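Dear colleague,

Please find the structure below, handed over for your records.

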Amino acid sequence: MLSVTHLRKTYGSGGQAVEAIRDLTLTVGKGEFVCIVGPSGAGKTTLLKCLCGLLAPSDGTVTLDGEPVTGPPKAMASVFQDYSRSLMPWFSVERNVGLPLRNKHRSAADRAKRIEGALAAVGLESFGSRYPWELSGGMQQRVAIARGLAYEPEILLLDEPFASVDAQTRADLEDLILRVREATGVTMLLVTHDIDEAVYLADRVVVMSARPSVVVETVAVDLPRPRDQVATKSLARFAELRAHVLRLIRNTADQPAPAAPAAVTGAAHED
Ligand SMILES: Nc1ncnc2c1ncn2[C@@H]1O[C@H](COP(=O)(O)OP(=O)(O)OP(=O)(O)O)[C@@H](O)[C@H]1O
């Protein structure tokens, strides 16, 4: 279980200080799919960086299965939005996907098998010897996802992973992620601006306030699985949940900055 307790993160100090996160408490259970939404600049990326040990919190704790996270945990992989910066253009697709495996000390045969499996999972099995720049944007993002999968993480963090692709590709990638999760049981934590996407994918949606952020509400998504782009989004319950999350985000964007952490923590609720 990933556990965040009273996380606070301030960049800089003195007059230049930017308080990005005031007080966040949340948990992500094994095999759960949690989406995080919030207004622009709410500190979503900051939160993910604290979760994967790239940033040290100013206060509070992050633990994975009870162990404090002080650097990138072995059980975790991340996929970020900008595939053009995360893929190495001079490496083939296969080599890009295999990069994180260098730390896993596996045999060449085992690495090749994992790379092949991950590329097959994202439908790119015949593109291993191509270079990223030979692929479309959506295909490049699938390579970035395959790289996360090849590592066989227990938990995958995704920061706006579909933001740079067109709407149809985005829907395809959402379904790809759902299939992967179904097949592997990997825990997913995904940050998105897109409320429909969050409700479509998640078991729970964590709504963050505007900066300095707190958890406004954690919304349980009781939509049946498997989900389907047309059938699920046509459900009255989908529309209700979507409207509820939208209302929360609109309200938080209009509110003044939250007050003392203790009072705010009481207001937010965890399921
Ligand atoms: N390295 C940094 N130094 C100073 N301030 C920073 C730094 N990184 C982020 N911030 C500030 O912290 C706040 C939260 O940024 P962050 O990128 O985490 O928000 P976000 O919710 O991911 O934004 P968006 O939705 O626009 O991607 C912003 O006001 C940002 O300007």
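**The sheet and its helices**

Helix H5 (residues 137-150) lies across E6 and E7, running at about 175° to E6. Helices (H or I, at least four residues) and strands (E, at least two) are DSSP runs, numbered from the N terminus. Axes are lines fitted to C-alpha atoms, for helices over the stretch in contact, and angles run from 0 to 180 degrees between N-to-C directions; two residues are in contact if their C-beta atoms, placed from the backbone, lie within 7 Å.

Two points apply throughout. Residues are numbered from 1 along each chain as its sequence is written. This is a predicted model, in which local features need pLDDT of at least 70 and side-chain atom pairs count only at pLDDT 80 or more, while totals for chains, interfaces and linings use all residues.

The strands E6 and E7 belong to an open sheet of ten strands with mixed pairing, in the order E5-E4-E1-E2-E10-E9-E3-E8-E7-E6. Strand E5 (67-68) and strand E6 (76-80) are the edge strands, each pairing on one side only. Two strands pair if DSSP finds at least two bridges between them.

E6 runs parallel to strand E7 (residues 155-159), and five bridges join them. Within this pairing, Val79 has Leu158 of E7 as its bridge partner, and Ser78 has Leu157. Four of the five residues of E6 are buried, so the strand is largely enclosed by the rest of the structure. A residue is buried if 20 or more other C-beta atoms lie within 10 Å of its own, exposed if 12 or fewer, and partly exposed in between, with C-beta atoms placed from the backbone.

Strand E8 (residues 187-191) is mostly covered, with five of its five residues buried. Thr187, Leu189 and Val191 point one way from E8, whereas Met188 and Leu190 point the other way.

E7 and E8 run parallel and are joined by five bridges; Asp159 has Val191 of E8 as its bridge partner. E7, helix H6 (residues 167-184) and E8 make a right-handed β-α-β unit; a crossover is right-handed if, with the strands pointing away from the viewer, the path from the first strand over the helix to the second runs clockwise.

**The ligand and helix H1**

The ligand is surrounded by 13 residues, of which the closest are Tyr11, Ala20, Lys44, Thr45 and Thr46. The elements that give two or more residues to this shell are strand E2 (18-28) and helix H1 (44-51), and H1 gives the most, with three residues. A residue is near a molecule if its C-beta atom, placed from the backbone, lies within 6 Å of it.

By type, the shell divides into four nonpolar, seven polar and two charged residues. Here Ala, Val, Leu, Ile, Met, Phe, Trp, Tyr, Cys and Pro count as nonpolar, Asp, Glu, Lys and Arg as charged, and the others, Gly among them, as polar.

Six of the eight residues of H1 are buried, so this helix is largely enclosed by the rest of the structure. The buried residues are Lys44, Thr46, Leu47, Leu48, Cys50 and Leu51. Just after H1, Gly53 takes a positive phi of about 75°.

Gly41 lies in the loop between E3 and H1. Gly41 counts as partly exposed because it has 13 C-beta neighbours inside 10 Å. Gly41 and Ala20 are 21 residues apart in sequence and 8.0 Å apart in space, C-alpha to C-alpha.

With kind regards
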